[in-house]
Amino acid sequence: MSKVLIIGAGGVGTVVAHKVAQHPEVFTEVMIASRTQSKCDAIVKAIGNPNIKTAKVDADNVAELVALFNSFKPEIVINVALPYQDLTIMEACLQAGVNYLDTANYEPKDEAHFEYSWQWAYKKRFEDAGLTAILGCGFDPGVSGVYTAYAAKHHFDEMHYLDLDIVDCNAGNHHKAFATNFNPEINIREITQNGRYWEGGKWVTTKPLEFHKDLTYPNIGPRDSYLLYHEELESLVKNFPTIKRARFWMTFGQEYLTHLRVIQNIGMASIEPINYNGMEIVPLQFLKAVLPNPQDLGENYEGETSIGCRIRGVKDGKERTYYVYNNCSHQAAYKETGMQGVSYTTGVPAMIGAMMFLKGLWKRPGVWNVEEFDPDPFMEALNMYGLPWHEVFDGDLEL
Ligand code: NDP
């Protein structure tokens with residue numbers, strides 16, 4: 001008996017629910033809980049399996065979470081609500097004796113800032129409780145860390161001269177003037193921050209989207225790619241201390257950037273509350289309410305995502321390069337789950353991470369980033385469950 005509780009009924013939660021439901025031999029009982037229970041019910045209807053339970057929960061409220069955990073008694077919680085809820089859900093897991101997995105690191109609501117320190121601080125308590133917490137198990141973070149661990153295990157002797165680049169290409173066309181591929185509030189907070197990368201043992205800060213260059217993506221071609229800070233850089237340089245430089249790149253079209261500039265210039269990206277007609281509102285949260293819902297993009301989304309790691313290091317005394325990537329078709333993702341490729345590439349690894357835990361392959365008391373576990377069974381599962389990967393040895397990394 002392996003009971004799983006999914007928290008969050010958005011784009012990613014929908015994919016996790018579909019994928020979990022495809023493996024009843026591992027996930028014998030499933031519950032989806034979110035702030036709005038009708039969204040959970042709609043997912044169950046789309047899957048067509050009435051045995052999946054649903055519940056309403058406010059994941060900002062530890063007592064409510066603990067009550068739900070104690071009544072359903074899941075073995076693991078898959079947290080695909082928002083990064084704001086990570087700490088309350090981890091706290092509730094400790095109180096109710098439940099294991100934990102998420103796809104994004106904690107971020108306080110009132111400050112656009114994320115780092116792992118808040119969640120790593122729970123390590124001793126999870127260890128003492130004999131519980132496992134798996135952090136950042138989507139695609140990036142998630143598969144990006146597993147790819148890196150796999151490269152370190154199989155393709156490099158020494159990573160002294162490792163040049164790690166993680167490339168995230170949202171290449172498709174959703175036929176909207178402006179839309180984000182996942183929660184707009186989280187997405188806009190992330191990309192309007194300063195950039196940051198690791199070089200020579202320290203962090204180098206850049207202005208938002210200051211550096212960009214053309215990178216060529218398999219089956220897609222060259223795309224202008226921008227240097228951003230991304231959370232897995234923090235854990236990867238810690239867990240692979242020989243990395244000299246680690247950077248993260250993401251593609252944006254000119255149309256997207258023009259809209260973003262206007263949104264910022266007119267103050268709509270602000271997270272400072274303002275008073276409007278006697279009511280306090282946060283401009284970015286209001287903007288989220290009027291932008292297209294990422295969950296509704298799937299039907300008309302053409303093209304594919306391409307996400308990979310480009311790594312330089314040393315093998316058998318010789319410098320070598322290694323590129324490992326996955327391309328995911330938005331239409332194929334939509335046909336299978338009703339969601340576009342970005343939700344799909346996040347939800348599938350979250351399901352696989354929970355499966356690794358329940359099979360005992362990724363079970364270790366404490367709080368861990370994905371690259372700290374054995375990458376091999378996870379890589380095998382990616383090929384089997386919808387995100388096959390490809391490798392290029394000693395090619396031109398363009399970086
Ligand atoms: P959505 O906004 O589509 O969905 C979020 C869901 O969480 C909604 O169903 C929402 O409920 C629910 N929720 C929000 N607050 C609460 C709360 N207090 N209590 C209970 N439920 C709550 O987001 P996505 O599905 O696009 O993203 C989900 C997560 O995945 C995010 O953390 C995001 O950062 C992460 N992500 C990770 C990626 C990776 O590769 N690692 C890539 C993309 C996303 P309601 O609708 O009722 O308000």
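Begin by selecting A151, which, once its neighbours within four places in sequence are left aside, is in contact with F156, C309, I311, Y322 and V324, two residues being in contact if their C-beta atoms, placed from the backbone, lie within 7 Å. What you have open is a predicted model, in which local features need pLDDT of at least 70 and side-chain atom pairs count only at pLDDT 80 or more, while totals for chains, interfaces and linings use all residues. Residues are numbered from 1 along each chain as its sequence is written.

A151 sits in helix α7 (residues 143-154); helices (H or I, at least four residues) and strands (E, at least two) are DSSP runs, numbered from the N terminus. Because A151 has 22 C-beta neighbours inside 10 Å, this residue counts as buried, a label that requires 20 or more other C-beta atoms within 10 Å of a residue's own, with 12 or fewer making a residue exposed and values in between partly exposed, all with C-beta atoms placed from the backbone.

Next, select S306 in strand β15 (residues 304-315). S306 counts as buried because 24 C-beta neighbours lie inside 10 Å. Draw a distance from S306 to V167: their C-alpha atoms are separated by 7.7 Å, although the two residues are 139 apart along the chain.

Now show the whole protein chain, whose secondary structure comes to 14 helices and 18 strands. Its C-alpha atoms fill a box of roughly 55 × 55 × 40 Å, taken along the principal axes. For 399 residues a compact globule would have a radius of gyration near 21 Å, and the protein chain has 20 Å, which agrees; the radius is taken over C-alpha atoms, and the globule rule is 2.2 Å times the number of residues to the power 0.38. Buried residues make up 49% of the 399, and, of the contacts with a separation of 6 or more, 70% are between residues 24 or more positions apart.

Centre on I78, which, apart from neighbours within four places in sequence, is in contact with V4, I6, V16, L101, A350 and A354.

Move to helix α10 (residues 254-265), whose twelve residues, at 1.5 Å a residue, should span 16 Å, and whose end C-alpha atoms are 16 Å apart, which agrees; the expected span is 1.5 Å times one less than the number of residues. Just after α10, G267 takes a positive phi of about 85°. In helix α8 (residues 184-191), select P184, E185, I188, R189 and E190, which are buried, and then α11 (283-290), which is among what covers the buried residues of α8.

Finish at the ligand, with 33 residues around it, of which G10, V12, T36, A59 and G138 come nearest; a residue is near a molecule if its C-beta atom, placed from the backbone, lies within 6 Å of that molecule. The elements giving two or more residues to this shell are α1 (11-21) and α13 (341-358), and α1 provides the largest share, three residues.
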